[in-house]
Amino acid sequence: MPENEIDWPEYLREFHTAAPGSTEALLSRAVAGDHTPYRWLVRAVSGEARRVLDLACGNGPVARELYGRWVVGADNNAAQLAGAPGPKVQADARHLPFANEAFDVVTCSMGLAVLQPLPEVLAEAARVLRRGGVLAATVPAVRPLRRSDLRTLTSLTTRLRSTPQFPGGGEIKDLKDQLRAAGFDVMESQRERYAYTVRTLDDARRLVGALYLPGTSDKRREVAAVWLAERGAKEPLQVAIPIRRITAMRTKVALH
């Protein structure tokens with residue numbers, strides 16, 4: 001199915017309604033050193049920040065890492081949102097039900113890759129942030145990867161007969177420019193390699209089940225999962241998940 005023919009909002013609604021928490025189940029088990037992608041994201045949140053909006057919050061893994069803070073979760077999928085802790089609201093990221101400058105920080109774990117159109121989402125994040133407030137987000141990346149990672153990922157996509165996709169592509173193009181246009185100054189952009197370890201068929205199914213693969217059959221997913229499990233049973237198999245963290249300060253109103 002060509003990407004330009006995919007109804008992404010409908011695909012994502014069906015995907016996350018059928019398997020709420022699938023992304024969180026995967027990323028909470030992916031590690032780099034002593035941290036998961038969620039712990040890495042919240043390290044960008046100042047200890048002085050008191051009012052946090054977690055955009056595209058899913059079932060709330062970021063809020064759990066920010067235990068003790070006042071965190072409001074926002075997501076447009078009721079099934080996902082049902083598992084989130086604390087105050088939460090079902091809302092479209094382009095039209096948030098909050099006053100101007102209501103938050104000190106907006107966090108977004110992997111959501112910028114699927115929230116469309118991105119310029120509207122970023123402008124709305126800027127609107128609800130106070131001047132000097134920070135947007136801290138993680139997004140998919142294409143590096144860093146090791147040579148062994150590339151072999152594993154190539155073999156996996158061969159068995160899936162498809163490449164995992166995001167509406168914005170594998171890595172968001174011109175993200176810094178889009179942030180500046182929305183009224184942000186980019187303070188940091190870093191990349192990290194996370195590793196998800198496959199030992200069992202359940203591990204493999206968790207990985208394959210979290211991938212956006214429009215047009216890929218359940219049978220083809222299972223073929224890929226069995227292959228991963230067979231590899232992992234011989235020796236624990238690390239599957240790389242490269243992630244980029246970007247932090248930006250809201251300095252002015254969005255440009256139009």
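# Reading salt bridges and ring pairs

User: Arg191 counts as partly exposed, at 27% relative accessibility. Which cut-offs separate buried, partly exposed and exposed?

Analyst: Buried means under 20% relative accessible area, exposed means over 50%, and partly exposed lies in between (1.4 Å probe, protein chains only). This is a predicted model, so local features need pLDDT of at least 70 and side-chain atom pairs count only at pLDDT 80 or more, while totals for chains, interfaces and linings use all residues. Residues are numbered from 1 along each chain as its sequence is written, and side-chain values use heavy atoms, with hydrogens and water left out.

User: What counts as a salt bridge, and how many does the structure hold?

Analyst: The criterion is a side-chain nitrogen of Lys or Arg within 4 Å of a carboxyl oxygen of Asp or Glu. The structure holds 14. One of them joins Arg191 to Glu171, at 2.2 Å from N to O. This pair links distant parts of the chain, 20 residues apart: Arg191 is in strand β7 (residues 184-198), Glu171 in the loop between α7 (147-160) and α8 (175-181). Helices (H or I, at least four residues) and strands (E, at least two) are DSSP runs, numbered from the N terminus. Glu171 is buried, at 18% relative accessibility.

User: Which residues share partners in a salt-bridge network?

Analyst: Start with one pair. Asp104 bridges to Arg130, with the closest N and O atoms 2.8 Å apart. Asp104 sits in strand β5 (residues 103-109) and Arg130 in strand β6 (residues 129-140), 26 residues apart. Asp104 is buried because its relative accessible area is 10%. Arg130 is partly exposed, at 32%. As for Glu171, its 18% makes it buried. Shared partners join Arg51, Asp104 and Arg130 into one network.

User: How is a pair of aromatic rings described?

Analyst: The distance of the centres and the angle of the planes describe it. Rings of Phe, Tyr and Trp (its six-membered ring) pair if their centres lie within 6.5 Å; planes under 30 degrees apart are stacked, over 60 edge-to-face, the rest tilted. The structure holds eight aromatic pairs. Among them, Phe15 and Tyr212 are edge-to-face, at 5.0 Å centre to centre and 80° between the planes. Phe15 lies in helix α1 (residues 8-18) and Tyr212 in the loop between α9 (201-209) and α10 (218-234), so the pair ties together parts 197 residues apart in sequence. Both Phe15 and Tyr212 are buried.

User: Which rings form a cluster with Phe15 and Tyr212?

Analyst: Ring pairs link Trp8 and Tyr11 with Phe15 and Tyr212.
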